[in-house]
Amino acid sequence: MIEPQTAKTDYLDPHTLATIATIDLRARMIVEGVMIGRHRSPYQGFSVEFAQHRQYTHGDDIRRLDWKVFGRTDKLYLKQYQQETNLDLLLLVDASGSMGYSSMKPAQTGRAAWRKYDQASTLAAALSYLALKQQDRVGLVLFDQQVRQATRTSNAHDHWRIICEALVAEPLAMDTAQALAGEPTQRTTDLAKLFDQITAKLHRRSLIVLCSDLFDSPESLERGLALLKFRGHDLIVFQVLDDAELNFPFRSPSDFVGLENEGRLGLDPAALRQAYLDALGVHLAAVEDQTRRFGFDYLRINSHESLRAPLGYFLAKRSAMLGKGTRRK
Amino acid sequence: MIYFADITTLGLTTGIAMAGAAAMSAPIVIHLLTRYRRRREAWGAMRFLLEAFKKHRTRLKLEQILLLVVRCLIVGLLGLALSAPMLEMRGCSALGMIDPIAGRSRVVHLILDDSLSTQTFDPDGAMRFEQLKKTAMAVIESLDETDRVAVWLSARPCEALLAPASVDHAAAVAALRDLKPRFSPNDLPTALVLSAKSLTQSSADASEQALVMVLSDFAAGSLALDQAPPAQADHDNRVSMWIARPMSGRANVQIQSFAPRRRLILNHAGASGASPSAALELTLRRYDNESADEQTQVTLAVMDQQGQPILVRQREHVWSAGQTTATMQMDLPLAANHTTTSAIGAASSGGRTVVIRASIESDPLNHTDALFADNHAWTIVELQSKLRVALIDGSVLFDRGESTGLYSGKWISMALTPLAMEDDPAGDWPVEIIQLSAENLSQNQLTGIDAALTVRPDRLGDQGWSTLREFSNRGGLAWFFTPTQDHGASAIWGAKLTETFDLTWRIGLHRLEADQTAESDSSEEAVRWSLMTDPDRAATPELLRMLAADWTSLLEPVRIDKRIALDVQQTHGVDQTVWLRLNDTAQSPLLATASVGDGRVMLLATAIDTSWTNLPTKPLFVPLMHETLRSVLGQSPRLGRLSELRVGETLSLDADWLGAEQLLHQSDQSIDSAAPDAAPIMLKRTEVGLTSAKSADQPGVYTAAPQPTHKRLAVNLIPRAGDTRAIDQTRLESWLNALGQWDWLDHQDPAAALRMEPDRLALARPLLLAVLLLVIVETMLARWFSHANTREVTTLAQLTGWVRRLHRTS
């Protein structure tokens, strides 16, 4: 159900997205929001761009004859068009326990807590919608320390709905309330294992989009990235983090309960804030450094912020990839 | 050394200190509580939190402990500051370290003992009071110009010589210079209370340093150490107390008590022309001297209306070793001519009062008597020409009994006025008998009557009973005898007697006969009751001491045949005794007496009749009747009150004194007294008589004004005030400790206390400053440890903003 919105409503803002009930609707809103103001519509001109003429030979399809050239020169020439290639997009969405964290309370959103997983899955849905509209083939993998769920790579008309259903159906029931009730999950992240499983099944060079908080060891990430690089895949890393994880704004003494069964730690958070931020900073720097060292793209996403930046980043990346020679004659 | 001025008493300051100590544990309690009441927070990036925690665990613990210590210190020091401790830093000012009270003014309260004991002369011939005055003046003269001084006098009643405190030091010195000691005992507790109240009321300037100096000789009689000092005497912490050292004991002889055995004396010049005499009893007491063979010369003097001795008698007492108290009994003749010529003055009743003064010779060398003021005592006796006795009998002659004519009333009449019946019918005899009818007794008939002897109580009507009760209240003697006639009315008159006079006696309904109670004994003598003569078990009644020598021999011949049952139950607060008891198993009362109002009621449980008892025919009867009348009337409380008044106490006078407006002290030039001339004492009218507006401040004789009136009062010293022995210093120190912190004052250099005061530093302010510093340190530490980079940190600016918003909202 969509709440009545004003003209200025920003459908890329998580506070707004959280009020939208279904993920497919969220994705459409996002895509439309991103495309507003662009000169070229994503729905026009794809795969019919003129390239050159060549002489007719036997067996050619006479529907491609250029009758205007024949009228001027009495020679039969065929029109050849530049046909855009289909991009294979694989979306990897992290469904580990830590992705269930949210510092955005229901009171702030008006409906439900906005978890990191919500941010990641919405981003994935939007990207898949955008790609499918451009005839790209899209696949989805939900993972934690292993692949939890995967869809085939396809550009079929109804494939987007399948992806959305998979994103919604993923039993990431884990959230803060359950963690506080003493039911931590064992679902951690193992990127090296994930990339090993995925690359074994990918037979075409693909653009892989990873949406995760990357709460894994940098060594594991490095192994996974090396594998992808070796297989010739391209990768965009969207590291999704909650605003509280980035700023650690807690003041009153609290008991912190880990969402991935790390146990409980009682402390005065203000006293440990700087040390935490330092530790996190070191990790984030390592992740970004490793990603860029392998020539992949990296973007950190604050789950409280708009999705405009990652979507724009994706479109730019796609254009760049197609411009570098992925098109076929 | 740190002193807590009020820590030894459970006062308000101690309560605050205890609350402060309890509050000191608040940070720890809060710390422990927060451990169990933390908010739980689910957290995704736990690995980084754990990593940071492991790295900084030790530092965090140290920071927490440091903060906890600082917070505990803040609360603890705040509590300490509220208890206002004093730091003794003697010598620090001399060393130039600090001058803690530089610029502070002082208020000094001098409590000067001007009680009787300070009139004691020391071996050097100086009166102690002069030495105390000198000390007080030395203290005042050493004060700075801005210092204030108050002077309190601690003799009862305590009064202010200079209060509230003033900077007029010259006025204080001038007032002290002319000051004379008083005669009343010391009342230091009250003086301390007055001083404490005054200090509290004038404590607007908390920075003012307060000193209380108690200047007393601390003789044994100057302070009741068995009574704790009043709580109101406690001073707060800013007050320091200085106490003069107790002076050594001095030998002293005093008249402890002086009173006539009978205050009413019959001044009847009969045929013999013998003059009356006063039987006097005097008790001597000596302190700090138990040596043998020392002599004390006692002089008794009858005083005229101008206070001059007109008749003097001397007696000497030789002390034995270890003897401290001696009682002397003396007869002082009151010659009619002397009393007449002294113009003592006659009362409307025909009586007159005589003042008798007792003195002991002062020891000019002060070896045995260092205090002269307690060498004099005064008492008053009343002379009366006749005793008027009403004999209340039945009105019908044949109803009086015996055919021989010796009925009850006759026996009594014969005992009281034997000469009048035979030789002097005109009645020139000290006892005059007025015959009255029991049935028609009225108030007017008893006017001017001293005693009413009722032999027919069964004939009294309601009006008669109430008349006798009123008569007794006014000081008369109402004596009831058992009637010989028994018409079944004994139950009624017995009940009326106990009811009218509010007695707890039980009076039997029927007569008891001796032979009915001892039927088994064949001996005639054995069945008659005798009187108890055992001197141990039947002590001579106090009022009949004149007969003491012959008491046993007088009682032995008396036998009782019939009597009524009488049971006297002792009741608390009621003065009732049995003067004669039967020698039976139950020791049954025969003659019982009780005080009623200012008078007395008596009952003889047998009839004055030979068929009841042989008493009227025995030698005991006549002296018993006379002595009882004279003793009871002579010891009337009304008369006693005139000689039992004490210096320093408010005087209460009965209705006989109505008309007097003031009391004048009758100066006695023959006594060398340091006392100033006494001012008149104004009298106020009350419901029951008169009371003085202030207490009598000098011993001696007081006369009523305006004249003419013969009324006089004798005011004497309180003997305890003249106890010049050395006080028990250990007990004195304990007593003083209950007041708070104090120190001895040096008599030789009393101003040293003022010079030493700057060395005592009040710690409250430095402690508060330390608390403030710690609060700042705590804030900085808390910021540094925890909130340095937190945006939500509560800064001073934020706090100011909140206050402003709150102000706007309100």
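**Close-ups of a two-chain predicted model**

**View 1. Strand β34 of chain B is mostly covered.** In this strand (residues 712-716), 5 of its 5 residues are buried; buried means under 20% relative accessible area, with exposed over 50% and partly exposed in between (1.4 Å probe, protein chains only). Strands here are DSSP runs of E, at least two residues long, and helices are runs of H or I of at least four, both numbered from the N terminus. Look at either face of β34(B) and you'll find buried residues: Arg712(B), Ala714(B) and Asn716(B) on one side, Leu713(B) and Val715(B) on the other. A quick note on the model: it is predicted, so local features need pLDDT of at least 70 and side-chain atom pairs count only at pLDDT 80 or more, while totals for chains, interfaces and linings use all residues. Residues are numbered from 1 along each chain as its sequence is written, chains are lettered from A and ligands numbered from 1 in the order in which they are written, and side-chain values use heavy atoms, leaving out hydrogens and water.

**View 2. Strands β28 and β33 of chain B both pair with β34(B).** Two strands pair if DSSP finds at least two bridges between them. Strand β28 (residues 645-646) runs parallel to β34(B), with 2 bridges, and Arg646(B) has Asn716(B) as its bridge partner. Strand β33 (residues 700-705) runs antiparallel to β34(B), with 4 bridges; here Gly700(B) partners Val715(B).

View 3. (Rings of Phe, Tyr and Trp, using Trp's six-membered ring, pair if their centres lie within 6.5 Å; planes under 30 degrees apart are stacked, over 60 edge-to-face, the rest tilted.) Phe248(A) and Trp43(B) are both buried. Phe250(A) and Phe256(A) make another edge-to-face pair, 5.3 Å centre to centre with 75° between the planes.

**View 4. Leu453(B) belongs to the largest nonpolar core.** Such a core is a set of buried Ala, Val, Leu, Ile, Met, Phe, Trp, Tyr and Cys residues joined through side-chain atoms within 4.5 Å. Of its 73 residues, Ile412(B), Leu453(B), Phe480(B), Leu497(B) and Phe501(B) touch the most other members. Helix α14 (residues 621-634) of chain B gives the largest share, 6 residues.
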